[in-house]
Amino acid sequence: MKTNMTRRSMLAAALLFLSMAFGSCKKFLDIGLPSDTIAGENAFVSDASSSAVVSGIFLNMMSNTYFTSNSIGLKAGLYADELQNLDVNATSNEAFYKNALNAGILTQWEGLYRELYKCNVAIKGIKESSGLSSKNQWLGESLVCRATLYFYLVNLFGDVPLALTPDHNVNNKLSRAPREQVYQQMILDLKEG
């Protein structure tokens with residue numbers, strides 16, 4: 001009985017070893033993108049796909065409350081004492097109104113830079129694409145989005161890193177650029193757009 005158990009254990013171990021050595025989970029794990037998703041070099045091959053990318057940037061800017069009811073414009077107005085905080089339940093705006101910004105404001109910073117990254121990806125992809133009939137439109141919209149995001153960043157935070165590429169290696173080493181330099185880039189983006 002003991003030898004049958006030993007044989008079974010050895011057989012099971014051998015099968016396990018063989019399946020691990022010669023089998024692979026690559027096919028199982030390599031699912032691919034959903035059919036309604038575009039990525040990488042396929043994102044800027046047609047006007048339809050470029051439109052989807054740029055529309056996605058607009059949609060993200062709106063759905064992340066940057067420009068909706070509890071927007072960055074409201075927060076900037078409270079911060080500059082142009083508006084009064086009349087909503088007693090809006091504790092998220094209290095720090096702006098009392099000029100007592102803390103680490104919680106970093107969610108605005110992170111969100112705006114996330115959208116800037118998407119703008120930079122779109123700008124690079126559209127500039128490098130050769131098959132777009134509405135190339136100037138998609139590029140212009142992406143540049144205007146980038147200028148708008150920098151407008152809010154510089155007005156909330158002053159000097160900010162000026163990320164103009166989607167390259168993480170470059171962007172990770174950026175220090176804060178002077179406010180004047182950011183405004184100059186915004187003007188360049190708007191003129192080009």
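The structure holds four aromatic pairs. One of them joins W109 and Y113, whose ring centres are 5.1 Å apart with planes at 40°, so this pair is tilted. Please keep in mind as you look around that this is a predicted model.

**The W109–Y113 pair**
- Both W109 and Y113 belong to helix 6, where four residues, about one turn of the helix, separate them.
- W109 has a relative accessible area of 18%; the cut-off for buried is under 20%, so W109 counts as buried.
- Y113 is buried too, since its relative accessible area is 17%.

**The W109–F157 pair**
- W109 also pairs with F157: the ring centres lie 4.9 Å apart and the planes stand at 85°, which makes the pair edge-to-face.
- This pair ties together parts that are 48 residues apart in sequence, because W109 sits in helix 6 while F157 sits in helix 7 (residues 135-157).
- F157 is buried, with a relative accessible area of 19%.

- Y117 is another residue of helix 6, which covers residues 106-128.
- Is Y117 buried or partly exposed? With a relative accessible area of 33%, Y117 is partly exposed.
- If you set aside the neighbours within four places in sequence, Y117 is in contact with P166 and H168.
- Y117 and H168 are 51 residues apart in sequence, and their C-alpha atoms are 9.3 Å apart in space.

**Helix 4 and the residue after it**
- Which residues of helix 4 (residues 72-79) are buried? They are I72, K75, A76, G77 and L78.
- D81 follows helix 4 and has a positive phi, near 60°.

**To take away**
- W109 takes part in a tilted pair with Y113 and in an edge-to-face pair with F157.
- Helix 6 holds W109 and Y113 as well as the partly exposed Y117.

How values were computed. Residues numbered from 1 in each chain as written. Predicted model: local features only at pLDDT ≥ 70, side-chain atom pairs only at ≥ 80, totals over all residues. Heavy atoms only, no water. Helix = DSSP H or I, 4+ residues; strand = E, 2+ residues; numbered from the N terminus. Buried < 20%, exposed > 50% of the residue type's maximum accessible area, 1.4 Å probe, protein only. Contact = heavy atoms within 4.5 Å. Phe/Tyr/Trp six-rings, centres within 6.5 Å; stacked < 30°, edge-to-face > 60°.
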